[in-house]
Amino acid sequence: MSEKEEVLIYKTSNILRKDTSIMRLNDIIEELVRIIESKTIDK
């Protein structure tokens, strides 16, 4: 695994507050989109 991949896993895990290394990419994207939408709706 490259350093960029490790950093990305760390960041997404931190944002989603769960281990994303075992998640499918589509699941990660869906959860990130939900978080972004919830943050933009609140404003």
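1. Arg17 counts as exposed, at 77% relative accessibility (exposed means over 50% relative accessible area, buried under 20%, partly exposed in between, with a 1.4 Å probe and protein chains only). Arg17 sits in the loop between H1 and H2 (helices are DSSP runs of H or I, at least four residues, numbered from the N terminus). Its phi is near 55°, a positive value in a residue other than glycine. For background, most residues other than glycine have a negative phi.

2. A word on the model before going on. This is a predicted model, in which local features need pLDDT of at least 70 and side-chain atom pairs count only at pLDDT 80 or more, while totals for chains, interfaces and linings use all residues. Residues are numbered from 1 along each chain as its sequence is written, and side-chain values use heavy atoms, with hydrogens and water left out.

3. Now for H1, whose 14 residues should span 20 Å at 1.5 Å a residue; the end C-alpha atoms are 20 Å apart, which agrees (the expected span is 1.5 Å times one less than the number of residues). Thr12, Ser13 and Leu16 are the buried residues of H1. Seen down the helix axis, they fall within an arc of 100°, so they line one face (the arc is that of the directions from the axis to the C-beta atoms). Turned away from that buried side is a face with the exposed residues Glu3, Lys4 and Tyr10. Glu5 also belongs to H1, which covers residues 3–16, and is partly exposed at 43%.

4. How many salt bridges does a search of the whole structure find? The count is two (a salt bridge is a side-chain nitrogen of Lys or Arg within 4 Å of a carboxyl oxygen of Asp or Glu). In one, Lys18 pairs with Glu31, with the closest N and O atoms 3.1 Å apart. Lys18 is in the loop between H1 and H2 and Glu31 in helix H2, so the pair ties together parts 13 residues apart in sequence. Glu31 is buried at 19% relative accessibility, whereas Lys18 is partly exposed at 37%.

5. Arg34 and Glu30 also meet in a salt bridge, at 3.9 Å from N to O. They are four residues apart in helix H2, and therefore separated by about one helical turn. Glu30 is partly exposed, at 45% relative accessibility.

6. Last, take a look at Val33, in helix H2 (residues 25–42). Val33 is partly exposed, with a relative accessible area of 37%.

Technical notes: Helix = DSSP H or I, 4+ residues; strand = E, 2+ residues; numbered from the N terminus.
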